[in-house]
Amino acid sequence: MSTFTQHDPSRSIRAPRGTKITAKSWQTEAPLRMLMNNLDPEVAERPEDLVVYGGTGRAARSWEAYDAIVRSLEDLEDDETLLVQSGKPVGIFRTHKWAPRVLLANSNLVGDWATWPEFRRLEAEGLMMYGQMTAGSWIYIGTQGILQGTYETFAAVARKLFGRQDATLAGTLTLTAGCGGMGGAQPLAVTLNGGAVLIVDVDRARLERRASKRYLDVVATDLEDALTQVLAAKEEKRALSVGVVGNAAEIFPELLKRGIPIDIVTDQTSAHDPLSYLPEGVSLDEWDREAKGDPDGFTKKAQVSMARHVEAMVGFQDAGAEVFDYGNSIRDEARQGGYGRAFEFPGFVPAYIRPLFCEGMGPFRWVALSGDPVDIAVTDAALKELFPENDHLHRWLDAAGKLVEFEGLPARICWLGYGDRAKAGVMFNQLVADGKVSAPIVIGRDHLDSGSVASPYRETEGMADGSDAIADWPLLNALLNTSSGATWVSIHHGGGVGIGRSIHAGQVSVADGTPLAAEKLERLLTNDPGMGVIRHVDAGYDRAKEVAGERGVRVPMQE
């Protein structure tokens with residue numbers, strides 16, 4: 001067994017601010033700062049364990065590996081590439097200036113071995129780590145990172161419920177669970193759309209953390225207090241988010257039994273990993289000990305509880321509520337827990353998001369390496385000027401500027417499509433060149449994107465041609481981005497849905513104000529969302545074919 005240290009409460013990491021760098025260029029200072037930012041206590045869920053979010057999603061495999069990555073990045077030349085295998089630096093090779101400075105692969109296993117027990121065995125021996133999506137690729141930006149996508153999803157729910165483009169969730173009540181690093185975006189996403197929401201979590205500390213960052217309005221004293229508040233808000237068509245401590249497997253069935261008038265139901269607990277889902281009958285204090293002591297037995301308990309949780313969600317759907325899976329694989333875990341109707345409600349991508357994917361739309365995020373919030377304000381204003389007719393984007397940027405509290409380095413996210421991402425990236429680079437922002441800007445995205453993932457229970461669920469599980473697409477995406485000027489590129493397995501259920505790729509670039517960066521950004525931010533367009537053209541979506549024709553995306557079989 002390898003010797004390594006994952007738990008070290010003495011370590012406290014914070015990314016440097018300002019324009020003084022310790023690496024040899026901004027192209028290597030950027031991944032260094034972003035790695036550190038992932039482990040900032042403002043950002044990470046358990047930074048002392050190197051865990052960023054999602055239960056076990058790490059930024060580095062061990063503290064020894066973290067230190068070696070830092071040393072490597074500080075010494076890396078602009079024609080060298082660092083290779084990182086599941087959070088451990090394993091090699092540095094001479095490449096060229098257009099090549100990525102870092103290439104990362106996390107938790108990838110050969111098909112027959114792609115199971116949680118095998119992964120956990122290898123992880124325990126110090127051979128792998130779980131990278132989640134943006135934890136192990138160093139582009140996590142706190143809860144804001146998923147907020148825009150969650151906001152877009154609930155906006156689509158409103159349009160579906162009321163049949164209008166300008167519809168809001170005013171007068172509706174949403175029920176959900178899971179208020180951690182990802183799920184914590186849900187309450188604010190609902191209230192930004194004008195609705196009331198009740199969110200359940202087993203850990204009061206998570207609820208209080210989201211309340212302290214203004215993602216959650218109120219932490220209720222108990223369930224009765226919570227219901228009183230959200231039902232009044234629903235009646236008054238007032239936006240309000242209320243958190244309550246409890247187990248969703250118990251509270252969801254109770255609310256269904258009582259006939260509480262709930263309009264929308266979803267969930268974002270860490271159900272992708274059964275050891276990160278607290279089953280009924282196990283206390284918060286007993287959680288870690290029981291999960292480590294008997295992982296197989298704990299998994300079965302968690303799956304039984306998830307079956308009750310999902311059974312209640314289906315019950316709400318039967319009663320007329322809008323119900324959807326928000327991408328944590330809880331339906332399949334509930335199926336394994338013995339519930340036969342687990343897949344009777346859809347995932348959020350086929351239900352609401354796929355038309356956006358056909359246009360190459362997806363998460364576009366950026367970070368001010370200076371640490372100065374003013375730089376983000378400058379970029380917000382510049383984006384609004386660049387896209388003057390995009391009212392939806394303007395509303396989002398205005399709301400985010402007013403309501404989103406930065407965690408770690410100041411950052412922003414929005415959704416942009418094919419063509420617009422490249423325009424934005426080149427414009428950001430010009431802001432740096434002109435000195436309108438005080439330091440370079442990192443530009444990346446979530447792995448949850450239009451052409452970067454194969455995930456049959458989430459992004460590629462229900463593809464028109466049945467190609468849900470074909471993983472060639474994220475691999476081609478990573479290869480293309482490696483060839484197109486990205487500063488770092490990653491290929492991961494598992495992400496938010498768990499081992500054996502997805503392959504996904506990420507890319508990050510640096511706008512450092514140089515002509516070379518401008519050329520790279522134009523190429524990369526055209527090609528990356530272009531993958532989303534061609535992936536959906538290939539699957540037979542008419543809107544994707546229209547976009548390819550309108551915007552000049554070449555698809556040989558269509559020519």
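Predicted model: local features only at pLDDT ≥ 70, side-chain atom pairs only at ≥ 80, totals over all residues.
A search of the whole structure identified 15 aromatic pairs. One of these is formed by Tyr-53 and Tyr-140, whose rings are stacked, with 4.5 Å from centre to centre and 15° between the planes. Tyr-53 belongs to strand β1 (residues 51-53), whereas Tyr-140 is located in the loop between α3 (116-124) and α4 (144-162); the pair therefore ties together parts of the chain that are 87 residues apart in sequence. Both tyrosines, Tyr-53 and Tyr-140, are buried.

An edge-to-face arrangement is found for Trp-63 and Tyr-66, because their ring centres lie 5.4 Å apart and their planes meet at 75°, where an angle over 60 degrees is required for this class. Trp-63 and Tyr-66 both lie in helix α2 (residues 63-75), and since they are three residues apart, about one helical turn separates them. Trp-63 has a relative accessibility of 3% and therefore counts as buried, the cut-off being under 20%. Tyr-66, at 3% relative accessibility, is likewise classed as buried.

Two or more lining residues are contributed by each of α4, α12 (348-357), α14 (391-403) and β13 (411-416). Of the elements involved, α4 supplies the largest share, with four residues. By residue class, the lining of this pocket consists of nine nonpolar, six polar and six charged residues.

The buried residues of α3 are Trp-116, Glu-118, Phe-119, Arg-120, Leu-122 and Glu-123. The elements covering these buried residues include β2 (57-58) and α10 (295-318). At the start of α3, the backbone nitrogen of Glu-118 has a side-chain oxygen of Thr-115 within 3.3 Å. Glu-118 is also one of the buried residues of the helix. After α3 comes Gly-126, which has a positive phi, near 80°.

Definitions and conventions: Residues numbered from 1 in each chain as written. Heavy atoms only, no water. Phe/Tyr/Trp six-rings, centres within 6.5 Å; stacked < 30°, edge-to-face > 60°. Buried < 20%, exposed > 50% of the residue type's maximum accessible area, 1.4 Å probe, protein only. Nonpolar A, V, L, I, M, F, W, Y, C, P; charged D, E, K, R; others polar. Contact = heavy atoms within 4.5 Å. Polar contact = N/O pair within 3.5 Å; in protein donor to acceptor, adjacent residues only side chain to side chain.
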